[in-house]
Amino acid sequence: MKKLLSFLAAGALAFGLIGCSGDLHDYEANEECIGLYLAGDVQKDKDNRGKLTFVDANTQTYKFTYDSTKHTYWGGAKGTINFKLVTDATTWTQDFGWKKDTPVFLSLNDDFLTLQARDAANSNPGNIKVENLINGKEYVITVNYDAPNKVAKVKIEGPSIDFPTLKLVDSDGNEYPLTREGTTYSYVWTPAKAGSMSFYVTNGYLYYDADGNVNTKKPDTEDYIKVSYEANKEYIVRIETAYDKDAKVKIETGINDKSILGRAGLVGSGFGWDGSTKLIKKDDTTYYYDFVASATDQTFSIQEKAGSWDNRWCGNLGEPSADGVWDKSKYMTFNAGDEKTLTYVVGGDPEHAHMTLLKDSKYRLTFTITGAKSVSAKLELLEKVEAQIIDLTGFEIAGDIAWVNNDTATGVNLVKNGDNYIYELKYANSMNGWGGGNGTLNFKVRTAGSWTTGYGSETVVKGTLSDGIDFKTPEGGNIQLTGLVDGTTYILTFTPSTSDITLSVAPKA
């Protein structure tokens, strides 16, 4: 009897372990079978994860055709994608990736990689990253999933980019082989004496000039890449290639700076977003960049590798939430004289550091390497320029006022009156060119005849309004007045300051 009970117990245990079973069409309906979703660059679309398809009880697949112009939802680019595996379509209750905040590279056509699950110690598994994908080619992601034990293994199959062998050729015809890491080719040397070098890059049938342009013939001598060098210093020629055939490449030359900021790019409002703004090296641990403030609030981050959003130093405070989302309302703000340690982030979408500035004044951002991946930033005011009152001379109102009944017309000019600018408006319910009319008026203030400079609800604040009139800031940045009466004349008064414009509206006395 004891043996019979043991047999029954073992049988029950076996059936419990194989709860996800049945014919292929039964897996979706079987509650014991947990279907996975893919979240990342190659998910179904921008707002929806991709659902994997069951092959058998333990195997699911996801197929996609790579498109470098579309598959950028998580920052993928140039044949690279990032993704995670998740157990449902919307939340992050259970997902699989790598170590906390650390990406892992998954090689094409390699063996299965065992992933790491979200748990108390791994509150934000790092992304899975795949390189060398080719536009227009189909790929299959296969997952072996042991749901009871929360173990997921993944592999990806499909064609890989065939990298060419590139070499440098100098003006005397000497050849120098380049080493490749991913899509980056480089040549490093330490000259024994000072001098200069002129060369071009070729793979034997295509040629690249100093600007990275590709051609089928050797460039003219004046278009060679040129580098001057000092003795006993290590120099590098670095070529960043593209995955798309015949694409332009990016060529850099100079001292081989191996520090964590050696290849960094400054990004943010006023600095551009492509990483082309380079830091100036002061010494082995200190870099800086001088700029003139283009606004009173500007942002910045440092890309560890210029042009790539994979790793960067930014302004977030604290840690991402349990679902991996950063709180963008919590960020560093720098005033002149402040020095703070930036947050190092791998992947994700954190917030930039913010700076409170005097417009048109000159500043310096100084970055100091303080650890293996630790960088501090200091903001200094170099040259103060007193803020000027916004000048609305020559500005006009464009909107419902100027586009009566959708008839295209120029704007109506503001008239200077002391420190203010006014416009006398006789309101008509037919003023509907920008969607207003029947008591509503939409407009902006702009440079006469153009949108070189425009002021809307982002800069114009509510002022003193007459009873019954309301000021709103609808989507799109227009100024919107409501409660206006057909046939009534109103005085619109704009009072500029150094940073914004105040609007008051009242019926004409």
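**Reading the model**

A: This is a predicted model. In its chain, residues 24 or more positions apart account for 62% of the contacts with a separation of 6 or more.

Q: How many helices and strands does the chain have?
A: The chain contains 1 helix and 45 strands. Of its 509 residues, 43% are buried.

Q: In what order do the strands of an open sheet stand, for example the one that includes E15?
A: Strands of a sheet pair through backbone hydrogen bonds, either parallel or antiparallel. Here 4 strands form an open sheet, with antiparallel pairing, in the order E15-E16-E21-E22. Strand E15 (179-181) and strand E22 (250-255) stand at the edges with a single partner strand each, so one side of each has no neighbour in the sheet. From one strand to the next, the twist averages 20 degrees.

Q: What joins E15 to strand E16?
A: The two strands run antiparallel, and 3 bridges join E15 to strand E16 (residues 184-189). Glu 181 is found opposite Thr 184 in E16.

Q: Is Gln 94 buried or exposed?
A: A residue counts as buried when its relative accessible area is under 20%. Gln 94 has 9% relative accessibility and therefore counts as buried.

Q: Where is Gln 94 placed, and which residues does Gln 94 touch?
A: Gln 94 belongs to the loop between strand E5 (81-86) and strand E6 (95-97). Leaving aside residues up to four places away in sequence, Gln 94 touches Leu 85, Val 86, Thr 87, Ala 117, Arg 118 and Lys 150. A polar atom of the Gln 94 side chain lies 3.5 Å from the backbone oxygen of Arg 118.

Notes:
Residues are numbered from 1 along each chain as its sequence is written. This is a predicted model: local features need pLDDT of at least 70, side-chain atom pairs count only at pLDDT 80 or more; totals for chains, interfaces and linings use all residues. Side-chain values use heavy atoms; hydrogens and water are left out. Buried means under 20% relative accessible area, exposed over 50%, partly exposed in between (1.4 Å probe, protein chains only). A polar contact is a pair of N or O atoms within 3.5 Å; within protein, one must be able to donate a hydrogen and the other to accept it, and residues adjacent in sequence count only if both atoms are side-chain atoms. Contact means heavy atoms within 4.5 Å. Two strands pair if DSSP finds at least two bridges between them. Axes are lines fitted to C-alpha atoms, for helices over the stretch in contact, and angles run from 0 to 180 degrees between N-to-C directions.
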